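Here is a briefing on the structure shown below.

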Amino acid sequence: MRSIFHTILLAGLFLGLGSGCKDFLNVPSDDNLSRSDLFSSVRGANAAVAGLYYQLGDPSYYQFRMPVYADLPGNGHPLAEGTGSEGQFVGIQLGLVSLHNRELAPDLENTGMPALYEEAYSLLFQANDVIEAVPELTDGAPEQLASLVAEAQVIRALVHFDLVRLFAQAPGFSANAAHPGIILMNGTPGIFDFPARVSVAEVYALIVADLEAAAADLDATFSQRTGANHWLTPAIVNGLLARVHSYTGNWEACREQANECLAASGRDLTPTTSYLDGWKNGNLSETLWSLDLQRLVEEEEDDDTIQQTPARIFGTGNPEPFLEVSSDLADLFTLNDLRQELLARNDDGSLLSAKWPFDTNQVSNIPMLRLSEVYLLRAEANLETGRLAEASADYLAVHRRAVETGPPPPTDAMGLRQAIRDERRRELAFEGHHFFDLGRWGDDLIRTDCAQVVTDCELRYPDPRFILPIPLDALLNNPNLTQNPGY
Amino acid sequence: MGGEAQRQQQFKQVTQGTQFPFDDLRRLAVLKKEDINAAETTFIKAKASTYGEMAYNFDYRYYLKINARRDANSIFGGDRQADIFGAIGTAWNFSNEPALVDRLPFGIDYGKLRSSYGVTGNSRLGVYTTNGVYQQRFADENYGGQLPASVTLPANDLLGWERKLQTNVGLDLGWRDGRFKLTAEYYSNRTIDGLFTFDTPRESGFTSILANAVSLRNWGYELTLTYRTAQNNKWRYSSSFNASRNRNRLLAISNEEIPARGSATAFLVGRDINLIYGIPFVDVNPETGEARYRLPDGSLTSTREDILNPFNFVPIGRSAPDVYGGWHQHLDYGAVGLTLQINYSYGGDITVDRLTFTDGQQIGFNNQSVNQLDRWQQPGDIATVPRLSVENGAVSRSSRYVYQNNFIQFGSVNINLDLTALGYLPDNWRTARAFVLVNNLGYLYGEDRRENRNGVREYRFTFPQQRSLTMGLKLGW
């Protein structure tokens, strides 16, 4: 019996011994980086922030549909025949047509929007991870760490802004924007958290708070890792703030931020002489921020890879586009408008956009913000705050570049407002604004170029179809997530 | 008693060269830089264990066995790297009990009652899943000339060992010096902190996550009967037959999962996890030829949206069988040996891949099943197969694709001939055997079927299962 006790005693000693092996058990990973390793140096934090930009350009996000999502309903037009064996629309093209027609079911089949939803929240996780981890770093100057956090905040704001524009009605939809917005992610969630949607007002409050904090902390000496315009700068943050304020109708703030952006950018509008070449060569001098997608271009010159980019949808030079330009948009240009040149027909007669020149093995960087938009935002802000002369001047700065001679702008507020809105549609066509603008203005979508079978050629505001349904896949996995009315 | 520390380190480096100027001189040094490709991967994992075991028996009547171990593994993060496991087993060989020797009923000459209880651990995890993982991108995958890192897994300190509490009671009985044996066993296993990959809210930034958050009970019976003739017979025959039955219930889960699209399983507390969920097919509408399905409220529908909605899914089958097992027989007669293995399964269901036959719903692009001859063709037809369609999306989660899977499989036959024993070969040959082995002779299915129509026999496997015939000769000298 005694030997049994010895055995038990010894076994107990052995079992207790294991705790000394902690260091032995902490092993590093070499293929992937563990989170703690990545966020142990500024170099790693930099890679995580570069990863945010990289993921913005994901095929499910800004590489393909997102830059022109808001152009599909009004500025796009389905072709007479689809690519299906019997001329029907199939696959990606069918999805684009359903986004144009606004005939959408919660499964959002073929539209790529469920993937966009996933990608957006994946990006929000990483942005939050950076925001939480970087302040703990012991490496690097405090200003540099603050600037890294600021970049993550801007991207968090941008993603929230995209989501709220896609899946929720614009702030003006209800009093105090109290209607449902999206699920906010302002921290990394717990494993079994089921967050719920918050009001549109709360979403915009976080977006503005993030951008304002970032405007104070962002330092271009750190963020401009290379000379190209692929990195965030304080001027870009001001421009984005001006854009966000235009959605909430906070016109004084919009005007102020537009002013700051124009002053801080150190750039001027691209002049008439280099405007068309700028689009053709993808180097418009007034572009403040563009996403770098050159990694997609294959080294070998004879490569005939076709990339999924906006050019694939309706870019000039594309022999088989998915959609074409609507005559509703084309008819808005006067004959002497320089921007007529940005529309061209391919061999089949489809009208296409030269803002996205198409070629095999060619990818344009995605423009995220350029000065013309900032001028037009300030024009709107000046108009809405009663500064008609200044509004008129901002309008003309953009308009006269393209139309040298023509009637002067209307002098009454109503007329000038319409002139500015039309100018926005012309100048910013195929850059992802039109349909979102209609929502924030509370304007109807009137389509006279409506040959295809569309249930409503005239989509009257308000209407559930101004926004997307919440993807079914997301609904099934979060019991606290509610569907948009009308879907 | 002992201890064990293990560290596994893999380092793999591959260098590849192309465009060698002279094929005879395959040296990297002669190549241009751009024609050389190098890659490497590394992998490290550490494990430390200590264990002890104690066994004791008294007079070959009472047995006691205790063991314990502590396992720690580098793949768990935080303070849950280690866990302790143990087991205790007892047995009573009652046929050696002096009071019972030669007094057992029914001619039993061997009897043993045994039981065991234990805790075991399991760590079916990839490496580093607990720390949060970022993927560092290289080369072409850059942004503005910088190399980005993207998150692939969130930090997960809640991961640890999955534990299984196992209880087992068994009875062994023997007759006629052990030539006839019966073993009956009952087990009940409880998995706690079970590892499970959960679908997560898309808003979390991930589509799924692994967590110790499931509790499951498995229980069942096993019965084995064996018989063998005496060793010195000219005819020697042995046979072993077994039958098993297994049940399970989900006891707890942090987040119940309904059968989301594409999946036929659900994880609901109090339910069997082998249930197949889907929409029950009822009949074909005689007026329109459309398939009608039953909604949970009892009404019939042909509306696609309702049919595909996972919230309308109910159990339509169970993938695990009620009883399954096998029968192994072996016969020796002189130099000839014959082995036959039979497997069987009863009470299970199987979901047939809808792509093996497009079921008349997308007739544009695939071959159709002969069952389409029974389709609805005109108003008034009472049919079992809906009308044809060019582009009807499949209703893959419906009872139309669930079949009973009761079968007897003739698993293998092996005939063995000992050529030395037959005296055909010189004595100095040590072994000389010829054999014929046939694997998978075929299945017998029990199902209601119509003549010249397809059923589970045809649909179960996309391609007919392989049958192999092996003939061999084994010589040794």
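Chain B has 3 helices and 23 strands; these are DSSP runs numbered from the N terminus, with helices H or I of at least four residues and strands E of at least two. Its radius of gyration is 30 Å, well over the 23 Å that the globule rule gives for 477 residues, so chain B is more spread out than a compact globule. The radius is taken over C-alpha atoms, and the rule is 2.2 Å times the number of residues to the power 0.38.

This is a predicted model: local features need pLDDT of at least 70, side-chain atom pairs count only at pLDDT 80 or more, and totals for chains, interfaces and linings use all residues. Residues are numbered from 1 along each chain as its sequence is written, chains are lettered from A and ligands numbered from 1 in the order written, and side-chain values use heavy atoms, without hydrogens and water.

**Chain B overall**
- The C-alpha atoms of chain B fill a box of roughly 80 × 75 × 60 Å along the principal axes.
- Of the 477 residues in chain B, 39% are buried (under 20% relative accessible area; exposed is over 50%, partly exposed in between; 1.4 Å probe, protein chains only).

**Surface patch**
- V336(B), L338(B), I415(B), L417(B), L422(B) and Y424(B) make a nonpolar surface patch of about 520 Å².
- Patch residues have over 30% relative accessible area and no salt bridge; like charges are joined within 9 Å, nonpolar side chains (Val, Leu, Ile, Met, Phe, Trp, Tyr) within 5 Å.
- A salt bridge puts a Lys or Arg side-chain nitrogen within 4 Å of an Asp or Glu carboxyl oxygen.
- Strand 18 (336-346) and strand 21 (407-418) of chain B each supply at least two patch residues.
- L422(B) lies in helix 2 (residues 419-422) of chain B and is partly exposed, at 39% relative accessible area.

Methods
Accessible areas come from the Shrake-Rupley method with a 1.4 Å probe; for residues, only the protein chains shown count as cover.
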